[in-house]
Amino acid sequence: MPTGIGTTTEVISPKFADKFMYFWKRDSWPKSRKPEVMGLQGASSGTNTRTASNVQTKTVTLKSLGAKTQQRVVNLVYTQNDSLYRELNDAWSKGEVIHLWRVDFNTLQGTKPNRSAEAEYSQCLVPQLPITEGIGAITQSNATFEVQGEAVDDEDGKPARVTEADLVDGSFDVLDKALYVFSHGQDVGDNSATTNIPDESQPSDNTGSNGSANTGK
């Protein structure tokens with residue numbers, strides 16, 4: 001069937017970019033450890049490219065396509081005492097494969113605790129790991145992951161889906177959570193909020209080689 005504006009009677013509804021989340025797992029982590037939140041879709045979510053080659057004849061230009069290459073871009077936010085940067089830096093140093101899931105929460109179905117959403121899976125390498133430390137700003141970066149082979153988004157001929165059980169506990173609630181919860185008068189004080197603000201003047205205690213701390217948001 002033809003698709004696009006003017007060719008369907010279906011209601012046009014958007015896909016919201018801020019509902020795409022990336023989850024990850026290092027290849028060295030045990031199989032029992034579930035994928036964790038990595039970050040949001042970057043400003044440019046990624047590319048699917050094939051290099052075109054030209055052969056000039058006397059009358060026309062003939063074109064052919066080369067091998068497929070894919071990149072995925074994730075916006076990473078590094079918070080105090082998390083292990084995200086340390087883990088990624090270690091994987092970058094060792095050339096270790098990163099397992100990456102791009103989950104589309106626009107397609108969320110079901111009820112808790114049996115919800116599911118469409119996802120794309122890929123095995124990636126980390127060729128570069130930028131880190132931006134703006135003055136008075138949150139430490140973050142847009143990291144590009146190079147896909148090994150080709151990303152996969154179907155399973156048995158249908159769009160692939162991940163369930164709540166596939167990911168670390170609470171993953172399906174990430175988009176619904178505020179930065180902080182409601183507090184009563186005696187819940188706050190003693191610099192409880194100030195000490196949670198990343199302090200760029202002090203080195204973070206990223207001792208997360210075992211990955212036990214929470215990852216980026």
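Q: Hi! Is W29 buried or exposed?
A: W29 is buried, because its relative accessible area is 9%. Buried means under 20% relative accessible area, exposed means over 50%, and partly exposed is in between (1.4 Å probe, protein chains only).

Q: Thanks! What should I know about the model itself?
A: This is a predicted model, where local features need pLDDT of at least 70 and side-chain atom pairs count only at pLDDT 80 or more, while totals for chains, interfaces and linings use all residues. Residues are numbered from 1 along each chain as its sequence is written, and side-chain values use heavy atoms, with hydrogens and water left out.

Q: Which residue forms a tilted pair with W29?
A: W24 does, with 5.0 Å centre to centre and 55 degrees between the planes. W24 counts as buried because its relative accessibility is 0%.

Q: Why is the pair of F105 and F172 edge-to-face?
A: Their planes are at 85 degrees, so the pair is edge-to-face, and the ring centres are 5.2 Å apart.

Q: Where do those two sit in the chain?
A: F105 lies in strand β4 (residues 98-109) and F172 in the segment after β9 (161-163), so the pair ties together parts that are 67 residues apart in sequence. Strands here are DSSP runs (E, at least two residues), numbered from the N terminus.

Q: Are they buried or exposed?
A: F105 counts as buried at 8% relative accessibility, and F172 is buried too, with a relative accessible area of 4%. Ring pairs link F23, F105 and F172 into a cluster.

Q: New topic! Where is D169, and is it buried or exposed?
A: D169 lies in the segment after β9. D169 is exposed, because its relative accessible area is 69%.

Q: How far apart are D169 and K34?
A: D169 and K34 are 8.6 Å apart in space, C-alpha to C-alpha, and 135 residues apart in sequence.

Q: Last one: where is V60?
A: V60 lies in the loop between β2 (36-56) and β3 (61-77). V60 counts as partly exposed because its relative accessibility is 43%.

Methods:
Helix = DSSP H or I, 4+ residues; strand = E, 2+ residues; numbered from the N terminus. Phe/Tyr/Trp six-rings, centres within 6.5 Å; stacked < 30°, edge-to-face > 60°.
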